[in-house]
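Please keep the structure open beside the text as you read.

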Amino acid sequence: MLINGNEYKSLWLEANRVLMIDQNKIPYSFEIKAFEDYEAVIAAIKDMTVRGAPAIGAAGAYAMALAAAQAPDEKFRSFLRMAKDKILIARPTAVDLANGVQSVYESTLKFIPDLVHARQIAVLAALEFAQKSEEDCRRIGVIGQEIVPDGARILTHCNAGALATVDWGTALSAIRMAHRKGKKIFVYVSETRPRLQGSRITAFELEQEGIPHAIVTDSASGFYFWKNEVDLVLVGADRVCLNGDIANKIGTYEKAVLAKEHKIPFYVAAPLSTFDYTCNHGSDIPIEIRDEDEIKRWGDIQMANPGSPALNPAFDITPARLITGIITHRGIFKPKEAAQKTHQSHS
Ligand code: MRU
């Protein structure tokens, strides 16, 4: 992705260090953090220094590579298992995290007792996972831009951009490619309370690419549907189930209901790492509940009645019947077919 004219990835692995753009600081400042300890990467996933389903999948894979480097020879296997279990629970909803961690763990175990080789394999498996995820996202852009008409006014929610992935983005990859093809598009950026991934991060990415856009409050989208000023909804996902139900950032479901009411296409973009081939339907997905202070405070500023509790689910479920299609690296599929088609093509 282009930031201030330079090419970056959201995160990368370099000489036994994980480097990541600090997404909590975007757009106010641009800082890169470096981690040498897998437990510090877990903390960065939890506090959302790195966020977005494919990005935390890569972070989990890289954390496993660090854990393999840190593991003492005599306890290699048990250390690795403990690290895997700790990373897996850093955030529960995006299945990319489990997919990233598991793929590095399983590849590494195969090379025990050759620990020199096992540690090298951990790094290679982590790099391969991240590269595959990045390539899926690029393909999603190439394929997804086809459903973006010239002149389209697109609504997106949260940040499914390059920063939420290793690079390119998912929903934003399609938007980015449509813009690069010369299509005249306009993007409504839903601000995404309470952590403002839309108004901070998506708006930042669109501005960096010169894509026309405007931030709207989460509750304003209905108004623009009603005015017939939305032509297409494009969002990402944190988990796609076998039946085509998806989890995505809280507020996605109501955009899908609005799209149905107004007969507007609602597309979801997801790389292979976001598919959960063990999940039958949306009600099986664990929904992360975050701290109420995210709603009641912004830094030091008190924004709500201090004595009132607040409820803070970070994701909701959009059922398959509300989704027009799922954009994948292999094509655009009906939600009910997406898992099967991507699974077949994978094996
Ligand atoms: O809580 P976050 O910011 O990690 O959630 C990420 C999202 O829900 C994004 O909207 C997204 O669609 C998934 S990442 C491409």
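Two strands pair if DSSP finds at least two bridges between them. Strands (E, at least two residues) and helices (H or I, at least four residues) are DSSP runs, numbered from the N terminus. This is a predicted model, in which local features need pLDDT of at least 70 and side-chain atom pairs count only at pLDDT 80 or more, while totals for chains, interfaces and linings use all residues. Residues are numbered from 1 along each chain as its sequence is written, and side-chain values use heavy atoms, with hydrogens and water left out.

Let us begin with the sheet of three strands. It is open, has the order β3-β4-β5, and is paired in the antiparallel sense. At its edges are β3 (11–14) and β5 (32–35), each of which pairs on one side only. From one strand to the next the twist averages 20 degrees; axes here are lines fitted to C-alpha atoms, for helices over the stretch in contact, and angles run from 0 to 180 degrees between N-to-C directions. Strand β4 (residues 17–21) is joined to β5 by 4 bridges, and the two run antiparallel. Within this sheet, V18 has F35 of β5 opposite. Helix α2 (residues 53–70) lies across β3, β4 and β5, at about 15 degrees to β3, where contact means heavy atoms within 4.5 Å.

Now turn to the sheet of 7 strands. This one is also open, runs in the order β8-β7-β6-β9-β12-β16-β17, and has mixed pairing. The edge strands are β8 and β17 (331–333), each pairing on one side only, and the twist averages 25 degrees from one strand to the next. At the β17 end, β16 (residues 325–328) and β17 run antiparallel and share 3 bridges. There, I326 has F333 of β17 as its bridge partner.

At the other end of the order, the pairing is parallel. Strand β6 (residues 153–157) meets β7 over 5 bridges in the parallel sense, with L155 opposite Y188. Between these two strands the chain passes through helix α6 (residues 171–180), and this β-α-β crossover is right-handed: with the strands pointing away from the viewer, the path from the first strand over the helix to the second runs clockwise. In turn, β7 and β8 (residues 213–216) run parallel and are joined by 4 bridges, and Y188 stands opposite A214 of β8. The chain gets from β7 to β8 through helix α7 (residues 197–209), again in a right-handed β-α-β crossover.

Helix α7 lies across β6, β7 and β8, at about 160 degrees to β7. Helix α7 also holds E209, which is buried with a relative accessible area of 14%. Buried means under 20% relative accessible area, exposed over 50%, and partly exposed in between (1.4 Å probe, protein chains only). Leaving aside neighbours within four places in sequence, E209 is in contact with R176, H179 and R180.

Why is strand β7 described as largely enclosed by the rest of the structure? In β7 (residues 186–190), 4 of the 5 residues are buried, so the strand is largely enclosed.

A search of the whole structure finds 7 aromatic pairs; rings of Phe, Tyr and Trp (its six-membered ring) pair if their centres lie within 6.5 Å, and planes under 30 degrees apart count as stacked, over 60 as edge-to-face and the rest as tilted. The ring centres of Y188 and Y224 are 4.9 Å apart and the planes are at 40 degrees, so this pair is tilted. Because Y188 lies in strand β7 and Y224 in helix α8 (residues 221–226), the pair ties together parts that are 36 residues apart in sequence. For F223 and Y224, the centres are 5.1 Å apart and the planes at 80 degrees, so that pair is edge-to-face. Y224 is partly exposed, with a relative accessible area of 23%, and F223 is partly exposed at 43%. Ring pairs link F186, Y188, F223, Y224 and W226 into a cluster.
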